[in-house]
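Please open the model in your viewer and keep the selection panel at hand.

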Amino acid sequence: MDIHVLTAKKYAYDEPLDSDLPNISNIKVTEVDYLEKNGLLSQKPQKVFFHSFLKRTYRAMRAFIPIKNPREKWFNATAPLFANIAFSSDVIVSTYDPKTCHLIAAEIKKINPKLLWVADYRDLWSQNHMSKRSKVQKKKECQAESEAVGKYSDVITSVSDELTEKLATLHSKQAYTITNGFDISKDILRGNLKSNLIANEPKRIVYTGKIYPDTRDPTPLIECIFEAEQESLIQKGSIEVHIYGSQVEDIASLSKRKEYSDILKIHGHVRREVALSAQVQADIVLLLESPSPDASGVLTGKVFEYIGSGTPILSLGSLKKSAIGKLLESTQCGICLENNKAEIKQLLKMLEVNSSLEWFDPVEFEVMKYSRENQAEKMLSIILQKNKEFRL
């Protein structure tokens, strides 16, 4: 079986750019250059603050103005390859996001209706709960999604039962759940799953990832730690929150406030291996998601990365009945406290004085269901079965 990966060349606005593609036999990777070499977007900004300013401005403006994502240029740059891919492939798998992946797959499917198209969603498209688009823009996105995935896809997959149900309803097609998963060996995972906390002093709560105000936002936790100190529930300076990530501008100002300066530590972007090490060495890893009911089906790759670290997971924001809440309960790898201040403060008190947490007792059988190997086998089984049906 030969696999051809079609992807876009990465530019400055895609930073961080320190993840290298592995060289694997039978897998060919084609990176498509889609910007002018001397164009403004292809240049790396000289000042970090200017780069951050541009990103924040773009995110704010696109909620009101239909600004095109520069990555959409990838479609036209890739168009000359469509016919060759269409007639040299049996199956095409496209993964959202960005939407260009599905749009390219739809065009290839049009050229060769005999190939099987699997439209995979790691996040939702027009139904995305984190979208800042206006109602008019959302309507246009829904039409574009229906014209592509709804009309031409043969198989739809997504990361949770809640999301697959939404997609099945939207496109009037059967959808399958293929979760994200941990990408370490089962032997390493077994070694990482531990029953006792790391004995850090002060205790370390670690978050690795991007920050989104009001959606993936650690502010409620920071406030709870400060209030717990003021209420003498915990000693001042006994618990710290460490943030590792490239999009932390919105939380950085909080770390400069006097009352939070000893609590919140911002590290910015670090290489992946450094972030993974920070997770393993933490007392607790922090998982953030929106409390909106629309986010109930979100099941990011981050939660499985955290499970793989073997460190207890504290989920904030997500509802207890959400996909994240259900996963943490079934695997017993973490606890979902929504944004309940009383429960958060009680946990902080336990964290300060105890060497273990009663709610952390990983169920190996449940955890192993989410290995990348198991999820890949599930995807392959669906593809083979649907391809067989498709050829009849």
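Begin by selecting E141 and K99, which form a salt bridge whose closest N and O atoms are 3.0 Å apart; the term here means a side-chain nitrogen of Lys or Arg within 4 Å of a carboxyl oxygen of Asp or Glu. This pair links distant parts of the chain, with E141 in helix α5 (residues 135-152) and K99 in helix α4 (residues 99-111), 42 residues apart. Helices (H or I, at least four residues) and strands (E, at least two) are DSSP runs, numbered from the N terminus. E141 is buried, at a relative accessible area of 13%, and K99 is buried as well, at 18%; buried stands for under 20% relative accessible area, exposed for over 50%, and partly exposed for what lies in between (1.4 Å probe, protein chains only).

The model is predicted, so local features need pLDDT of at least 70 and side-chain atom pairs count only at pLDDT 80 or more, whereas totals for chains, interfaces and linings use all residues. Residues are numbered from 1 along each chain as its sequence is written, and side-chain values use heavy atoms, with hydrogens and water left out.

Next, select R190 and E364, a salt bridge with its closest N and O atoms 2.7 Å apart. Here helix α7 (residues 186-192) supplies R190 and helix α14 (residues 364-368) supplies E364, the two residues being 174 apart in the chain. R190 is partly exposed at 37% relative accessibility, and E364 is partly exposed at 36%.

Then move to helix α15, where E389 and K386 lie three residues apart, about one turn of the helix, and their side chains meet in a salt bridge (3.6 Å, N to O). Salt bridges that share partners also join E223, E227, E231, K341 and K345 into one network.

L348 is among the residues with the most contacts inside the largest nonpolar core, which has 84 residues. Such a core is a set of buried Ala, Val, Leu, Ile, Met, Phe, Trp, Tyr and Cys residues joined through side-chain atoms within 4.5 Å.

Finish at M1, in the segment before β1, which is exposed at a relative accessible area of 75%.
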